[in-house]
Amino acid sequence: MMEREEHLEWAKKRALEYLDAGDTQNAFSSMVSDMKKHPELAGHGGLMIGAGMLFVPGWVSNPNELRHWITGFR
């Protein structure tokens, strides 16, 4: 299993690859899925923020907002 920081960077990289390809839905899904695969990241508060933001119309389809969310994980 990867260390926490290594896993986090891997998850960000994968999500940003989707985002850079214009696929916002899979960028979001990839980040959530990959974060949940690591025991130290599965309960990260940023995932709850992302889930809450799904109720904001257009948030997931806004590449700038989604990039900010993905890169903001620490």
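Predicted model: local features only at pLDDT ≥ 70, side-chain atom pairs only at ≥ 80, totals over all residues.
A residue is called buried when its relative accessible area is under 20%, and exposed when that area is over 50%.

**Helix 4 and its two sides**

Helix 4 spans residues 63–71, and its buried residues are L66, W69 and I70. These residues cover an arc of only 95° around the axis, which means that they lie on the same side of helix 4. N64 and H68, in contrast, are exposed on the other side of helix 4. What do the buried residues of helix 4 pack against? Their partners are helix 1 (4–20), helix 2 (24–36) and helix 3. At the start of helix 4, a side-chain oxygen of N62 comes to within 3.0 Å of the backbone nitrogen of N64.

| Helix pair | Angle between axes | Distance between axes |
|---|---|---|
| Helix 1 and helix 2 | about 165° | 7 Å |
| Helix 1 and helix 4 | about 170° | 10 Å |

Because an angle over 145 degrees counts as roughly antiparallel, helix 1 is roughly antiparallel to helix 4, and helix 1 and helix 2 are likewise roughly antiparallel to each other. The crossing of helix 1 and helix 2 is right-handed. On the helix 1 side, the residues that make this contact include H7, W10, A11, R14 and Y18, while those of helix 2 include T24, A27, M31 and M35. Where helix 1 meets helix 4, K12, A15, L16, L19 and D20 of helix 1 face P63, L66, R67, I70 and T71 of helix 4.

**A histidine in a loop**

H38 is found in the loop between helix 2 and helix 3. Is H38 buried or exposed? With a relative accessible area of 2%, H38 is buried, because this value falls under the 20% limit. The side chain of H38 reaches the backbone nitrogen of E40 at 3.1 Å. Leaving aside residues up to four places away in sequence, H38 touches M1, M2, E3, R4 and H7.

I49 has its place in helix 3, which covers residues 45–53. I49 counts as exposed because its relative accessibility is 54%. The C-alpha atoms of I49 and W69 are separated by 8.9 Å, and these two residues are 20 residues apart along the chain.

Definitions and conventions. Residues numbered from 1 in each chain as written. Heavy atoms only, no water. Helix = DSSP H or I, 4+ residues; strand = E, 2+ residues; numbered from the N terminus. Buried < 20%, exposed > 50% of the residue type's maximum accessible area, 1.4 Å probe, protein only. Arc of directions from axis to C-beta. Contact = heavy atoms within 4.5 Å. Polar contact = N/O pair within 3.5 Å; in protein donor to acceptor, adjacent residues only side chain to side chain. Axes fitted to C-alpha atoms, helices over the stretch in contact; angles between N-to-C directions. Parallel < 35°, antiparallel > 145°, perpendicular 65-115°, else oblique. Left-handed = near helix turned anticlockwise from the far one by under 90°.
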